[in-house]
Amino acid sequence: MKDSSDILIHEIIDDYQCPFTASEVHGFFTGLVLSNISNIDLDKKILAFMDIDDGSLSKSRKLTRCIQHELKSSNLNIQAGEDNDYKGIASSLAEWTYYFLISYKESGSSKNIDNRTIEILDIFDEISQLNQKYKVDDDNDINRESLNDIHDFIEKSVQYIFNKKDDK
């Protein structure tokens, strides 16, 4: 696909000197897609937080549509670094969830959020601290299995939140 989210993320980073990693940008924009905010507020949040100029808004809107499409087709893919670089994978997952949490906003009061979503957000908060609270194990099989489980949890959880939002 010409405008895949991965391509658009790297174009935003390269073309607009965005100071964030691909994981951070993807997490941030995915959180925005799942948020219940107006397009005007969405644009303001992108410009303010991503530290990029308004020339990037066209590509930013394309990225949000691309992520929406991926979620609608249950095809969101979070890139998490090189296969055997477990510290890099852990960092990417931590960055992704941290920036997702920064941009994600539920509509209404927190009383209207279902318990499963609250639990997911709490676990995302814990994942965002992987590098501070946890260290990579000496056993690569354990690293691979644990990080794959975390990766799968993130993708399934984001899909759950999207489906829950889509049901409303």
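Biologist: Let's start inside. Which residues of the largest nonpolar core touch the most other members?

Modeller: That list is Val 25, Phe 29, Ile 46, Met 50, Phe 100, Ile 154 and Val 158, out of 45 residues in the core. Keep in mind that we're looking at a predicted model.

Biologist: And which elements give two or more residues to this core?

Modeller: Helices H1 (5-15), H2 (22-34), H3 (39-50), H4 (57-72), H5 (86-103), H6 (115-127) and H8 (140-167) do. H5 gives the largest share, with eight residues.

Biologist: Back to Phe 29. What does Phe 29 touch, leaving out residues up to four places away in sequence?

Modeller: Phe 29 touches Ile 12, Ile 46, Met 50, Ser 60, Leu 63, Thr 64 and Ile 67. Two of the names there, Ile 46 and Met 50, also turned up among the core residues that touch the most other members.

Biologist: Is H2 mostly covered or mostly open?

Modeller: Mostly covered: 12 of the 13 residues in H2 are buried. Among them are Ser 23, Glu 24 and His 26, along with Val 25, Phe 28 and Phe 29.

Biologist: How far does H2 reach, end to end?

Modeller: From its first C-alpha to its last, H2 reaches 18 Å, close to the 18 Å expected at 1.5 Å a residue.

Biologist: OK, pockets. What's the volume of the largest pocket, and which residues lie nearest its centre?

Modeller: The volume is about 320 Å³. There are 17 lining residues, and Leu 130, Tyr 134, Lys 135, Val 136 and Leu 147 lie nearest the centre.

Biologist: Which helix supplies the largest share of that lining?

Modeller: H8 does, with five residues. H5, H6, helix H7 (130-133) and H8 each put in at least two.

Biologist: What's the lining of the largest pocket like by class?

Modeller: Nine nonpolar, four polar and four charged residues.

Biologist: And the second largest pocket, how much space lies in there?

Modeller: About 280 Å³. The second largest pocket has 22 lining residues, with Ser 5, Asp 6, Asn 77, Ile 78 and Gln 79 nearest its centre. By class, that lining has seven nonpolar, 12 polar and three charged residues.

Biologist: Tell me about Ala 90. Where is it found, and what does it touch?

Modeller: Ala 90 is found in H5. Not counting residues up to four places away in sequence, Ala 90 touches Leu 130, Asn 131 and Leu 147. Leu 130 and Leu 147 are also among the residues nearest the centre of the largest pocket.

Biologist: Why does Ala 90 count as buried?

Modeller: Because its relative accessible area is 9%, and buried means under 20%.

Biologist: How far is Ala 90 from Tyr 134?

Modeller: They're 9.5 Å apart, C-alpha to C-alpha, and 44 residues apart in sequence.

Biologist: Tyr 134 again! Which residues does Glu 126 contact, neighbours within four places aside?

Modeller: Glu 126 is in contact with Lys 133 and Tyr 134. Glu 126 is found in H6 and counts as partly exposed, at 28% relative accessibility. Its C-alpha is 8.9 Å from that of Thr 97, a residue 29 places away along the chain.

Biologist: What about Ser 157, buried or exposed?

Modeller: Buried, at 1% relative accessibility. Ser 157 is in helix H8 and touches Ile 120 and Phe 124, leaving out residues up to four places away in sequence.

Biologist: Last topic: backbone. What's phi at Asp 51?

Modeller: Phi of Asp 51 is near 55 degrees, which is positive in a residue other than glycine. Most residues other than glycine have a negative phi.

Biologist: Where does Asp 51 sit?

Modeller: In the loop between H3 and H4. Asp 51 is exposed, with a relative accessible area of 55%.

Biologist: And Ser 74, what's phi there?

Modeller: Near 50 degrees, a positive value in a residue other than glycine. Ser 74 sits in the loop between H4 and H5 and counts as exposed, at 53% relative accessibility.

Technical notes. Residues numbered from 1 in each chain as written. Predicted model: local features only at pLDDT ≥ 70, side-chain atom pairs only at ≥ 80, totals over all residues. Heavy atoms only, no water. Core = buried A, V, L, I, M, F, W, Y, C linked by side-chain atoms within 4.5 Å. Buried < 20%, exposed > 50% of the residue type's maximum accessible area, 1.4 Å probe, protein only. Helix = DSSP H or I, 4+ residues; strand = E, 2+ residues; numbered from the N terminus. Contact = heavy atoms within 4.5 Å. Expected span 1.5 Å × (residues − 1). 1 Å grid on protein atoms, 1.4 Å probe; cavity = no way out; pocket = protein on both sides within 12 Å on 5 of 7 lines; lining within 4 Å. Points joined across faces, edges and corners; volume = space filled by probe spheres on them. Nonpolar A, V, L, I, M, F, W, Y, C, P; charged D, E, K, R; others polar.
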